[in-house]
Amino acid sequence: SAAGGGGARGRPRHSGGDDTAAAVEDATWLLGGANTPPPTAGYRTGDLWKLDLVSSCTMHVQGNAAVHSMSVDPFESIMLTASDGGVVQLWDLRAHPVRPVGAYSTGGGAAFASGFIEGQRLAFACDGSLHVFDVATQAGVTTLLRTEPSTQFTWATGAPAECGVSPGLCSLGMDQILCCTQSSVHHVDLRSPELATDWRVGTGGGPHASHPVSEDRGRESSWGLRTVAVSPDSLYICVGGANGHLWLLDRRVGGFVNTWTAHEDAVLRVFPCGSEKFASVSSDRSAQVWSVRGGEVVRHGRVRGLPDSGPGMCASSLALQLFPHAPKQPRVLYALAGHKASVCILPEHRKDDEAREVRVERSNFFTDVGEKLTRHRMNSLAALVLPLRRLLIAGCEDGALRVCT
């Protein structure tokens, strides 16, 4: 199972010293988890591993600024970290030891989202405006949906301001980006930015509206679109809002076809999790799995008990890993908050059964010598999974990148 926690017991204890720390760092990056069992029949190497939430080594970003987002290219060779001050650093994961090799500045406030477009060639960062830059030269290519500092994403309230790009954005491949502002979803093609497509959220909910938005909750000021995800076949787009609603857009129809009340609180992140399925995670400490086949929405499962330590979960402190080559294709959710984390497999839907519900435990992080990390020593704001290396990286408020096994 990929779920773990409290696994520091029985791990070797290390004495202090630079030599020992360097040896632990080398072993972490080269070998991954120390307690990793051999792959099970039907699983490929790197698919599933035992996660003990042990912080084996630590790196720091430029200026020890709070880390708000991390991303990695499909080959796990380059990592991006986005932090306060609008600084995006590039890290060469092929180097030994791992080290930063470049940086890009948005010139604005905190950079709270990052990602790659079309493999390694281009990357994007977001500080309320959308910046696209060249990975090789760290030179800016274009700035889209530009906003003033006063309208940027507000970390204090955890919700987007009246204007500006929200934290949830994703790549469609082939130089295309999806992002959302307060009440609209934008599809931008970098080859012809002037031909960007906008879909504005309405109150009707479409022909399949399961739970139509009421008049008082349907106002633009309460929508606060926060996250967007696209299905693997690029046909469906799912958008989550600050009012706990989800909106479903069918690109074949060219507009929204459904909207429903998914959570009791704000939707933090939406993930694609297979053909015609999405998973949503909310600050109400729950995650839900939805089928959207044909525009009809059916809930397949729910997870309760996600962590709320420190400032609580945010869009960047959540990660979902799919296992397309494993039996039953499990979906593993990683949810970090402060000094705790939950790791669980999202419940599967069985035919003729009601939606399944599971409750997960919150676990502490540990040092490599078995000491529990308290809230005063670790406040995680971002999560990144490296499945090929079998590592989890936690980006923290003090600028630390804790590499965990």
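**Close-up views of a predicted model**

**View 1. Asp189 and Arg191 form a salt bridge.** Their closest N and O atoms are 2.9 Å apart. A salt bridge here is a side-chain nitrogen of Lys or Arg within 4 Å of a carboxyl oxygen of Asp or Glu. Asp189 is buried, at 19% relative accessibility. Buried means under 20% relative accessible area, exposed over 50%, and partly exposed in between (1.4 Å probe, protein chains only). The structure holds eleven salt bridges. This is a predicted model, in which local features need pLDDT of at least 70 and side-chain atom pairs count only at pLDDT 80 or more, while totals for chains, interfaces and linings use all residues. Residues are numbered from 1 along each chain as its sequence is written, and side-chain values use heavy atoms, with hydrogens and water left out.

**View 2. Arg302 meets Glu357 in a salt bridge.** The N to O distance is 2.9 Å. Arg302 lies in strand S21 (residues 298-304) and Glu357 in strand S25 (residues 356-359), so the pair ties together parts that are 55 residues apart in sequence. Strands are DSSP runs of E, at least two residues, numbered from the N terminus. Arg302 is buried at 17% relative accessibility. Glu357 is partly exposed at 44%.

**View 3. Glu371 and Arg377 pair through their side chains.** This salt bridge spans 3.7 Å, N to O. Glu371 is partly exposed, with a relative accessible area of 40%. Arg377 is partly exposed, at 40% relative accessibility. Elsewhere, salt bridges with shared partners join Arg285, Asp308 and Arg362 into one network.

**View 4. Strands S14, S15, S16 and S17 form an open antiparallel sheet, in that order.** Two strands pair if DSSP finds at least two bridges between them. S14 (225-230) and S17 (255-261) are the edge strands, each with a single partner, so one side of each has no neighbour in the sheet. Five bridges join S14 to S15 (residues 236-241). Val228 stands opposite Val239 in S15.

**View 5. The largest nonpolar core has 19 residues.** Such a core is a set of buried Ala, Val, Leu, Ile, Met, Phe, Trp, Tyr and Cys residues joined through side-chain atoms within 4.5 Å. Leu51, Leu53, Tyr334, Leu336, Phe365, Met378 and Leu392 touch the most other members. Strands giving two or more residues include S23 (331-337) and S28 (380-386). Another core, of 18 residues, lies apart from it and includes Phe271 and Cys344.

Technical notes
Helix = DSSP H or I, 4+ residues; strand = E, 2+ residues; numbered from the N terminus.
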